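Me: Here is a structure I would like to go through. Please take my questions one at a time.

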Amino acid sequence: MKIAVCIKQVPTREWQPRLTDDKTWIREQDASWEMNEPDAYALEEALRLREKHGGEVVVCSAGPSRVQQVIREALARGADRALHVEDHALGAADAFLIGDALAAAMTDEHFDLVLTGLQSDDQGHAQMGVVLAERLGIPHSTIIMDVEIAAEGSSVRVKRELEGGWFQWITMPLPALLTIQSGINQLRYATLKGIMAAKKKEIKKVALPAGLQASQQILSLALPTKSKQTRMISGSAGDAAKELVQRLREEARVL
Amino acid sequence: MILVVAEQRDGKLNRATWETLAAAQAMAGTMPVKIVVLGGSVGDVAAELAGGGVAEVLVAENQALAQYTPDGWTQALRGIVEQASPAFVLLPHTYTTRDFAPMLAARLRKPLITDVVAISGAGTDARFTRPMFQGKLVAEVRPQGDGPFFITVQIGAYRADAVVKGAAAPVSKADVAVDQGAIRQKPEAPFQEAKQAVDLGQAERIVAVGRGIKGQEHLPLAEKLAKAMGAELAASRPICDNGWLPMERQIGSSGQTVAPKLYVALGISGAIQHLVGMKGSRTIVAINKDADAPIFEVADYGIVGDLFEIAPAIVAELEKI
């Protein structure tokens, strides 16, 4: 099995947003970065499928040079090699642009299975995987919680999460693309041996094809405005607890 | 014209459809709003939608659409959108929409703006507001190029009861040609993992715990707080992903939706997937070390600080007298 995993680099959860002067993007130089969490689950699933069925796992990422950090991390966790569509313009790119860029780099590889996270923790369009499947001309399914490859390797049966605690099994022919839900498996972390081995693994750089168009433009970014008046309670833990309990009893009348 | 895509399963309308229709009416200006419903046999749903103040209900019935598949929906809607050529296509931001809408938009090479919470400007000058960076920022975006533009509307962003109803609109059969052989996904019947032992929807008070709890060994802290408040214990998705609490105690788009009298969010940052499951609660308390966490946007009472100090202090306070 030749498995591709698409990985995005996103700001860390602890990152405090700061905006560029024109307020259309974040100040990337202030951000710290990490692997998009759902993509980490997709990578883990790919590694487990390789352990079971053999083959190779290829990390695919589209972004500026900074994304090498998460590519190296994926290689350290056990991926075999990487494709990197590198271009400065990809840092703030929308899902269509990234889908087109990755499709151009991935078409000739003829992957049997392509995995992505179900959405990114930065722009959060929840589109790229499905767009990529359409561009590659392969079937897809989204928000996947289990993956079973048929014995003869020609199809895949997947458990798709529906809303409100419902699930559904779906079978489709390979090659196919799946977007993976967080929590599908338990993540592994890189070992020292893995980190050393990653240094020798190939990262193939691919240029961004010319003429790709953005599908949407960010006019402005801002901190969210509150939908409610929030009473902030300060003071020591003891004082805050006392005031909160009093307000919940006497003002909100919910205790 | 604005085309709304209704969502139904087994002949039952998903109420998020009404919210999407409310969004369509709010942005329509002088444009008529039409609604399309797909399925194997959806006459009852179409009749229900006809009273929704729309210009027309389009019914796309075909045996190949009896069960949802992304390939089937994309084939059918592609033909309908090309024929009707709306300026905008609005859909509820459900798991089903997320499964097929990017494929449909990609096939037509038209922009798709997802998870929209507000629309400003009317008609073709419309701009769309959507969360980014897990709700830490909101973006105003504009689609590029020519329409139709595809828009998905976040659950809870518009009120279903804001729909301006009207006289029964005409119901027309849409011309749908679906090639069953070109549908690659073969779905089985939907199922629930286990009978839900805990119905959090009935709880009067809920204490929900998030990543801030750091480890499973700290859960007794939250359990004590829940017990002292007479509350059920619940969690955000990452806690259940880690197996620290069972999935049936998860609040959010992939878990349960609740609206108790009191909701205490303990170390929950408030990603949008969690907020949609609890923002209807009457009184919301947020306790988080990060003053900028999005959970404070929906909170009635907020404490910025260390939950490992604050939760025991609340328990001690409740145990007084």
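**Helices, sheet and contact**

Reply: Helix H4 (residues 95-108) of chain B lies across E6, E7 and E11 of chain B, at about 170° to E11(B). Helices (H or I, at least four residues) and strands (E, at least two) are DSSP runs, numbered from the N terminus. Axes are lines fitted to C-alpha atoms, for helices over the stretch in contact, and angles run from 0 to 180 degrees between N-to-C directions. This is a predicted model, in which local features need pLDDT of at least 70, side-chain atom pairs count only at pLDDT 80 or more, and totals for chains, interfaces and linings use all residues. Residues are numbered from 1 along each chain as its sequence is written, with chains lettered from A and ligands numbered from 1 in the order in which they are written.

Me: To which strand of chain B does helix H1 (residues 16-27) run at about 150°?
Reply: Helix H1 of chain B lies across strand E1 (2-5), strand E4 (33-39), strand E6 (88-92) and strand E11 (149-153). The angle of about 150° is to E6(B).

Me: Which are the edge strands of the open sheet of chain B?
Reply: The order of its 7 strands is E7-E11-E6-E1-E4-E5-E12, with parallel pairing; two strands pair if DSSP finds at least two bridges between them. An edge strand pairs on one side only, and in chain B these are E7 (112-116) and E12 (171-173).

Me: Which residue of E12(B) stands opposite Val59(B)?
Reply: Strand E5 (residues 56-61) of chain B runs parallel to E12(B), joined by 3 bridges. Opposite Val59(B) stands Lys173(B).

Me: Which residue of E14(B) stands opposite Trp166(A)?
Reply: Strand E9 (residues 166-173) of chain A and strand E14 (residues 191-192) of chain B run antiparallel, joined by 2 bridges. Opposite Trp166(A) is Gln192(B).

Me: How many residues does chain A bring to the contact with chain B?
Reply: Two residues are in contact if their C-beta atoms, placed from the backbone, lie within 7 Å. Chain B gives 70 residues and chain A gives 64.

Me: How far apart are the C-alpha centres of the two domains of chain A?
Reply: Domain bounds come from an automatic or database domain assignment, which here gives domain 1 (2-207) and domain 2 (224-255). Their C-alpha centres are separated by 42 Å.
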